[in-house]
Amino acid sequence: MIRALILTHRWLSILLGPLFMLWFATGIVMHFVPFPAQTEGERFAGLAPLDLAVPLHAPAEALASLGSQPARRMRLMQRVDGAVYVIATPGREVAIHADSLAAADVTDPDLALAIARAAAQRRGLDAAGAAIAALGDYDQWTVPNRFDAHRPLHRIALNDADGTEFYVSSRTGEVVLDTTRFERGWNYVGSVVHWIYPTVLRRDWAAWNVTVWWLSLAAAIAAVTGALLGPLRLRLRKARLSSRYRSWHLWHHWAGLICMQFVLTWIVSGWLSMDHGRLFATGQLTASEDAVLIGVPDWSALTTIPPTGLSGDVREIEWFAFGGRLYQRARRALGQQQISVRDRATWRPVGRFLQTADINATADHLGGHCGRATEVEAGDDYPFVSDVPGAPVYRIVCGDAWYHVDAASGALLEKLDSSRRAYRWLYQALHTLDFPSLLAHPTLRTLVIVGLCACGFAFSITGVVIGWRRLRFLGIAARRKPAS
């Protein structure tokens with residue numbers, strides 16, 4: 001049994017030792033420089049005020065122009081070529097010119113350039129040297145699945161001091177991502193290595209998913225066998241525990257015993273990051289839950305534009321369904337908005353955010369034993385935060401299922417059942433150390449993460465050296481073996 005453990009650990013570690021070393025090193029990089037993403041604040045800062053003085057078709061007409069496609073949400077925003085409706089349908093987003101109901105896809109690179117330049121200027125960036133860089137379905141920074149609804153993407157280089165690049169959706173004409181030279185450079189030695197994220201592999205999600213899952217599983221087996229062997233290879237000599245090894249093996253043995261708990265939990269939790277529904281729930285709503293929490297509102301009721309009661313510079317108007325009712329969200333700034341609900345053919349003001357009464361009215365239709373909606377407080381074991389500063393996130397508890405609703409947008413952030421709650425601790429907490437006590441002290445959390453990853457990196461170096469020496473020895477022995 002021990003012999004089998006030794007051989008399994010030895011050969012898996014020889015093959016995966018360099019990967020262990022890279023994972024720990026890149027984990028430090030990722031803590032300081034995450035994978036490029038556009039924040040809601042950045043997106044909203046690039047929006048222009050809506051010109052509601054121009055005659056526009058009503059939202060219901062824009063929806064009717066799409067035929068029978070079901071809508072989840074729709075927004076009205078201002079582009080350099082006029083106001084457009086952006087309609088979210090299952091699997092894709094569609095843009096319609098609000099003044100003509102013509103398709104508003106961005107096929108002209110010059111239009112994409114103009115959109116990017118205008119958004120950059122509103123964000124205070126230098127766009128004087130902006131130029132078209134490329135049009136493509138994938139590159140290193142747009143491989144995540146969230147960009148599928150926007151492909152192909154126009155890449156616009158601002159050619160500013162920071163090397164900023166914008167990505168403009170060919171489907172909606174929105175800037176959906178921005179990167180800087182600093183982010184790109186560090187992510188090549190951070191997230192791209194850590195997630196095994198080269199474009200050629202990651203653009204095929206299924207191939208990447210299977211590849212990384214099996215590699216991570218093999219790494220987890222190597223970690224588990226090492227954790228089992230560490231104590232077994234100790235011996236008692238003169239009332240003291242000592243190692244059976246010498247030289248680099250000795251360093252590897254003692255370092256492994258010291259780092260064992262962190263290395264084991266970090267590698268196994270990393271493997272769980274690739275679960276994708278294999279062992280744990282995915283947090284997706286069932287059809288019946290979707291029908292209650294979101295529902296199908298009467299989109300045909302959106303017959304007027306501009307909506308009544310709006311004043312000042314409105315940068316975006318969004319309509320969304322929640323609990324089968326139609327809500328309107330008029331946004332003037334990132335944290336300044338007004339939500340109204342369609343009630344008996346009129347719009348009734350709700351406030352800046354959805355109220356507990358709105359959420360409880362929906363919870364009453366979920367069935368089962370649902371409690372009243374409660375706000376998720378800072379320091380909660382299951383932290384959820386809205387994109388809008390100061391907006392509450394409400395939790396509805398219905399037996400084993402918890403539903404989290406963003407009061408700023410009416411979006412269902414995630415459904416947690418017992419399986420998903422266990423996954424939160426076994427993957428997210430153990431891999432990112434987002435324990436509430438550490439989140440409350442970010443400097444301490446940073447020191448813990450960097451310190452543990454540095455220990456894991458040093459430990460991995462000892463394994464790589466041992467593996468290299470073993471391969472070298474086998475190579476020398478093979479060359480010395482006489483020919484038969």
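The salt bridges come to 26 in count, a salt bridge being a side-chain nitrogen of Lys or Arg within 4 Å of a carboxyl oxygen of Asp or Glu. The model is a predicted one, in which local features need pLDDT of at least 70 and side-chain atom pairs count only at pLDDT 80 or more, while totals for chains, interfaces and linings use all residues. Residues are numbered from 1 along each chain as its sequence is written, and side-chain values use heavy atoms, with hydrogens and water left out.

Let me begin with R43. E174 forms a salt bridge with R43, and their closest N and O atoms are 3.9 Å apart. E174 lies in the loop between β6 (165-169) and β7, whereas R43 lies in helix α2 (residues 40-45), so this pair ties together parts that are 131 residues apart in sequence. Helices (H or I, at least four residues) and strands (E, at least two) are DSSP runs, numbered from the N terminus. Both E174 and R43 are buried; buried means under 20% relative accessible area, exposed over 50%, and partly exposed in between, with a 1.4 Å probe and protein chains only.

R43 also meets E316 in a salt bridge, at 3.0 Å from N to O. Because E316 lies in strand β10 (residues 316-322) and R43 in helix α2, this pair ties together parts that are 273 residues apart in sequence. E316 is buried, as is R43.

A further pair is E289 with K415, whose side chains meet at 3.1 Å, N to O. E289 is in helix α10 (residues 287-293) and K415 in strand β17 (residues 412-416), 126 residues apart. E289 counts as buried at 11% relative accessibility, and K415 counts as buried at 12%. Salt bridges that share partners join E40, R43, R75, E93, E174, E316 and R331 into one network.

I turn now to the nonpolar core. Which residues touch the most other members of the largest nonpolar core? Of its 41 residues, they are F20, F24, W266 and I267. Such a core is a set of buried Ala, Val, Leu, Ile, Met, Phe, Trp, Tyr and Cys residues joined through side-chain atoms within 4.5 Å. At least two residues each are supplied by α1 (2-32), β7 (175-179), α8 (205-232), α9 and α14 (442-480). The largest share, nine residues, comes from α8.

Finally, A357 is found in helix α11 (residues 356-363). A357 is exposed, with a relative accessible area of 55%. The C-alpha atoms of A357 and D99 are separated by 37 Å, at 258 residues apart along the chain.
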